[in-house]
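The sequence and the model are shown first, and the description follows.

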Amino acid sequence: MSTHPYNDLMLKAVALAGQARWKTFPNPTVGALLVKDGVVAASGMHKGAGLPHAEIEALEDARNKGVNPAECVMVVTLEPCRHHGRTPPCTDAIIAAGIRHVVIGVQDPNPDAAGGAEVLRAAGVQVEMGAAQEECLDLIDDFITWQASRLPYTLLKLAATMDGRIASRSGHSKWISSAETRNRAHYLRRHMQAIIVGGNTFYQDDPQLTCRISPEDDPDMDPCAEQPLAVVVTSRLPEAGQPLYLLKNRAASTIFWTTVAAAASPKAEALRRMGIRVLGLPSEAKTNTRGFGMRAELDVTEGFMHLREELGCHYVLCEGGGRLGLSLLDKGLAREFHLHLAPKILGDNQAIPLFDGRTPLNVEQALQLRITDAAPSGSDIVITMRPAVSLQSGQEQAASAGRPR
């Protein structure tokens, strides 16, 4: 946690910006405050691509409230832009408003927009950096991902009992989570362009992988929005005639990621004739869970790049199982992990574990995560975690995000 004197105010700007999450693509999510004598006098957030930036919204809010921006400090989560994009430079508006002190959370990772801090300093504005820096980096982690890689921004969501089990030994998992938590998952799904599950989840649960939130339930929902693509990761392709929901009802929006050999098989051709996409991915050797021998595991990175570059998916949700989820965390592909923890105990060491597939010999070899939020949901608690990247590493990532790839 930052000890910057503007830390608490910056966290308010982060919370404000979070109200527009999912709506600003392809732009970052940004919040701005105008602070007079330590009190928030006006505020603004970026609400969508092509709309005014957060700084401009805050200045407009000040005008509406009769607040003189020149008497305020601007607190903004992301460095104000200095370039002409869909909107004019925010630096020009800040200078014209007479603001003499600006506190910035993080530098802009977009090289075309970065440099606003230096423009402001050249105009005599006092500029401070680094308030609530980690939280500000988390706020734009999706934007950094798009800038720095060919990957979509991927979230992992799993539901588990208190003893870390996602299903009984028979594979039964309905329902670990409360109705309120399951409904929360559907609100998350509605922002995704693809939902991914492993083969065991596909065969045992026969999932629909749809968002079942109606416009009546959520007035902000676009009634014309398409359902997310359904992606199944498995080396064992189904027969085209199997009575599975995705095959019968969502063939045109279903994708199988499988081995190169399976993708060239008659099963794959039969699925393709139904309108299903089948993508062969390379495999990599992994030590089995008992520490001896090897097993093959699909390298899904290429599949994620295909989702982004060929199918236009920028937000992707993985809903398990545990081995697939572990692989995404291990590779750094999952940028957020939402754990839906239910106050239930199976107490069976043969029940299916939350994660499986690694063979650490000591605790120091454990994957490290950091908790960024924890909230009650019905009878459950939802814990949000992110990779345990040091603040310095996060800064380096942000600084290199715009480099050519």
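Asp141 and Arg386 are both buried, where buried means under 20% relative accessible area, exposed means over 50% and partly exposed lies in between (1.4 Å probe, protein chains only). The model is predicted, so local features need pLDDT of at least 70 and side-chain atom pairs count only at pLDDT 80 or more, while totals for chains, interfaces and linings use all residues. Residues are numbered from 1 along each chain as its sequence is written, and side-chain values use heavy atoms, with hydrogens and water left out.

## Salt bridges

A salt bridge is a side-chain nitrogen of Lys or Arg within 4 Å of a carboxyl oxygen of Asp or Glu. The whole structure contains 20 salt bridges. Three of them are set out below.

| Pair | Closest N and O atoms |
|---|---|
| Asp141 and Arg386 | 3.6 Å |
| Lys267 and Glu239 | 3.8 Å |

Asp141 and Arg386 form a salt bridge. This pair links distant parts of the chain, with Asp141 in helix α6 (residues 141–148) and Arg386 in strand β18 (residues 380–387), 245 residues apart. Helices (H or I, at least four residues) and strands (E, at least two) are DSSP runs, numbered from the N terminus.

Lys267 forms a salt bridge with Glu239. Lys267 belongs to helix α11 (residues 266–273) and Glu239 to the loop between β9 and α9, so this pair ties together parts that are 28 residues apart in sequence. Lys267 is partly exposed, at 32% relative accessible area, and Glu239 is also partly exposed, at 44%. Salt bridges with shared partners join Arg21, Glu134, Asp138, Asp141, Arg335, Glu336, Arg370 and Arg386 into one network.

Lys65 and Asp61 sit together in helix α2 (residues 54–65), four residues apart, which is about one turn of the helix. Asp61 is buried, with a relative accessibility of 16%.

## The chain as a whole

The secondary structure of the protein chain comprises 14 helices and 18 strands. For 405 residues, a compact globule would have a radius of gyration near 22 Å, and the 23 Å of the protein chain agrees with this. That radius is taken over C-alpha atoms, and the globule rule is 2.2 Å times the number of residues to the power 0.38. Along the principal axes, the C-alpha atoms fill a box of roughly 70 × 45 × 45 Å. Of the 405 residues, 52% are buried. Among contacts (heavy atoms within 4.5 Å) with a separation of 6 or more, 71% are between residues 24 or more positions apart.

## Nonpolar cores

In soluble globular proteins, nonpolar side chains tend to be buried together. A nonpolar core is a set of buried Ala, Val, Leu, Ile, Met, Phe, Trp, Tyr and Cys residues joined through side-chain atoms within 4.5 Å. The largest such core here has 52 residues, and Met10, Leu34, Met74, Val75 and Val102 have the most contacts inside it. Helix α1 (residues 7–18) gives the most to this core, with six residues. Another core, of 33 residues, lies apart from it and includes Ile166, Ile196, Leu328 and Ile383. Not counting residues up to four places away in sequence, Val75 touches several residues, among them Tyr6, Leu9, Met10 and Val103.

## A buried arginine

Arg250 is located in the loop between α9 (245–249) and β10 (254–259). Arg250 is buried but has no salt bridge, and the nearest side chain of opposite charge, Glu226, is 8.4 Å away. A polar atom of the Arg250 side chain lies 2.9 Å from the backbone oxygen of Leu209. The backbone oxygen of Pro228 is 2.4 Å from a polar atom of that side chain.

## Backbone features

The peptide bond joining Phe25 and Pro26 is cis, with omega about 5 degrees. Pro26 is in the loop between α1 and β1 (31–36), and Trp22 is placed in the loop between α1 and β1 as well. Trp22, a residue other than glycine, has a positive phi near 80 degrees. Trp22 is buried, at 18% relative accessible area. A cis peptide bond also runs from Gly320 to Gly321, with omega near 10 degrees.

Terms used:
Lys and Arg count as positive and Asp and Glu as negative; His and the chain ends are not counted. A polar contact is a pair of N or O atoms within 3.5 Å; within protein, one must be able to donate a hydrogen and the other to accept it, and residues adjacent in sequence count only if both atoms are side-chain atoms.
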